[in-house]
Amino acid sequence: MKTVAEINEKIKKGKAVVVTAEQVIQIAKEKGYKRAAEEIDVVTTGTFGPMCSSGAFINTGHSNPPIKMQSVTLNDVPAYAGLAAVDLYIGATELSNTLGMEYGGGHVIEDFVAGKDIKLYAKSYGTDCYPRKEILTTINKNNVNQAYMYNPRNAYQNYPAAVNSTDKTIYTYMGTLLPRYGNINYSTAGELSPLLNDPYYRTIGIGTRIFLGGAIGYVSWQGTQHNPSQERGENGVPTSLAGTIAVTGNLKDMSTRYVKGATYYKYGASLFVGIGIPIPIIDEEMLMYTAVANKDIYTPVVDKSGNETYDIKYNYEQLRSGSVEFKGKKVLTAPLSSLTRAREIAATLKDWIQHSNFTLSEAVTPLPKEDKINKLEIREMK
Amino acid sequence: MTKAKIKIYFSKGNVGKPITYELVKKYDVMFNILHADINYGSEGNLITEISGEEKNVADALKYLDELDVKYKMYTKSIIRDEDACIDCGSCTSVCPSGALTMNDNDELQFDKEKCLVCELCIKACPIGIIKVEL
């Protein structure tokens, strides 16, 4: 048994033993859970995938005379301004008024992180205290006030693989899906993925310090659609959509290597977000969870045309192999999230901790361990 | 030596003819079949790279014209910005010829030789770094 405080003491002295969630698998195999848990202090995880429920708050500063921004665009992409006068929220999937799907909120965020000038256009009705009715200018990360990423739902604990049963190619947020089960797409960092390494959220909770977009960030809340009551395997790993986290961090400190705008053809815009979470090895149980391997993580297959349902589940070792057998034929499989970049994030976080540049935080309060998902019913207006 | 990547269309009437054999025998060209979808008695197509002496390749194509066999030359090619690629892999499951695959290090690998220039990968790439080059 180790406390987070004890682990932090070792980190400060540069003596902490840190390994990635891939490396720990082999170590656990060689040494057993007990000995590995004694020797290892921290396991680092990582993921870099498209996460639509992402965005950023920006406070632009006040002009003279001032404006209470009512409708706003950033590089022609609408931002939400129903807040105080110059507070904005730019969401990753918002589309450009001029370029459509080609450029969206995710691209605005990437360009902002890159330090580029962003065209700001705002209109207002004008008030006694905010008389200006229109403004056209540029902003960038050096001339605004606060700019912080706030993503309501990231790092899904598990995600169903996608297939298409129809006779036509369909274009989805799970990528291009070819007709008649022509391919299967999936999205995960698997054994490297943060919440798959702490399936019951024993160490990851509200307030946990994390790697976010190349900078330091925090888990700010449970993510939307957080669904911890999902069915789980014997190893505790959920076998479909389960836990999620909301995260926040300083956008100005982030890097475009880990914050990247994306467009899924005929679906729209999104944002690739890089997240890494350190897991303190407080006991043998935690080590056992972090030693989870792709072959032990299962996910279902969902027909994105909505016509069929399947009983089949694949593990991530099968999906990673490039093809699986589905309905009696070999079907190519492709990931949507970048494993090389996830690996890089876990390695970077490991490096930060080893060099005493990052200490672990205990969760202020845990993520809910029970919760269910509600459906939106069509209800009569009363 | 020269190379030409072509798609030969076989009409119903042509499927029974030994066209590739004639090309090899008459013009001493080499065939590297990249993709074939031909069944006896129905239409089909063959994507192949023909290589040989420049004159022989040109004569072989002329021979196809004489037989009234339709074909399409691949004059375009797919290019990928390797430095900008994030290795997500989204393009790999739509690639019909195995030109785009993930290697053992989970990096995207592009084998230009196998590419059929079907352009499905262009739409599948979420960051727009795959393009067609004329």
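How many salt bridges are counted between chain B and chain A? The count is one salt bridge, formed by the side chains of D106(B) and R343(A) at 2.9 Å, N to O. The model is predicted, and the values below are computed from it.

**The contact of chain B with chain A**

On the chain B side, 19 residues are in contact with 27 residues of chain A. Together the two chains bury about 1700 Å², and carbon and sulfur atoms account for 58% of that area. Within chain B, the residues that lose the most area to chain A are I86(B), S93(B) and K123(B), which together give 35% of what that side buries. Besides the salt bridge between D106(B) and R343(A), eight residue pairs are counted in polar contact between chain B and chain A, both residues of each pair being at pLDDT 80 or more. By residue class, the side of chain B that touches chain A comprises ten nonpolar, five polar and four charged residues.

**The contact between the domains of chain B**

The domain assignment divides chain B into domain 1 (2–73) and domain 2 (77–133). The C-alpha centres of these two domains of chain B are 27 Å apart. Six residues of domain 1 of chain B contact five residues of domain 2 of chain B. The area buried between the two domains is about 450 Å², with 48% of it from carbon and sulfur atoms. On the domain 1 side, K5(B), L34(B) and H35(B) supply 65% of the area buried against domain 2 of chain B, more than any other three residues.

Across this interface between the domains the rule finds one salt bridge. The side chains of K3(B) and E113(B) meet in a salt bridge at 3.7 Å, N to O. Strand 1 (2–10), strand 2 (30–37) and strand 3 (44–52) of chain B each contribute at least two residues to the side of domain 1 that touches domain 2. That side of domain 1 divides into two nonpolar, one polar and three charged residues.

The size of an interface is often expressed as the accessible area lost when the parts come together. The table gives this quantity for both interfaces.

| Interface | Buried area | Share on carbon and sulfur atoms |
|---|---|---|
| Chain B and chain A | about 1700 Å² | 58% |
| Domain 1 of chain B and domain 2 of chain B | about 450 Å² | 48% |

Notes:
Residues are numbered from 1 along each chain as its sequence is written. Chains are lettered from A and ligands numbered from 1 in the order in which they are written. This is a predicted model: local features need pLDDT of at least 70, side-chain atom pairs count only at pLDDT 80 or more; totals for chains, interfaces and linings use all residues. Side-chain values use heavy atoms; hydrogens and water are left out. Domain bounds come from an automatic or database domain assignment. Contact means heavy atoms within 4.5 Å. Buried area is the accessible area (1.4 Å probe) that two parts lose on being put together, summed over both. A salt bridge is a side-chain nitrogen of Lys or Arg within 4 Å of a carboxyl oxygen of Asp or Glu. Helices (H or I, at least four residues) and strands (E, at least two) are DSSP runs, numbered from the N terminus. Ala, Val, Leu, Ile, Met, Phe, Trp, Tyr, Cys and Pro count as nonpolar, Asp, Glu, Lys and Arg as charged, and the others, Gly among them, as polar. A polar contact is a pair of N or O atoms within 3.5 Å; within protein, one must be able to donate a hydrogen and the other to accept it, and residues adjacent in sequence count only if both atoms are side-chain atoms.
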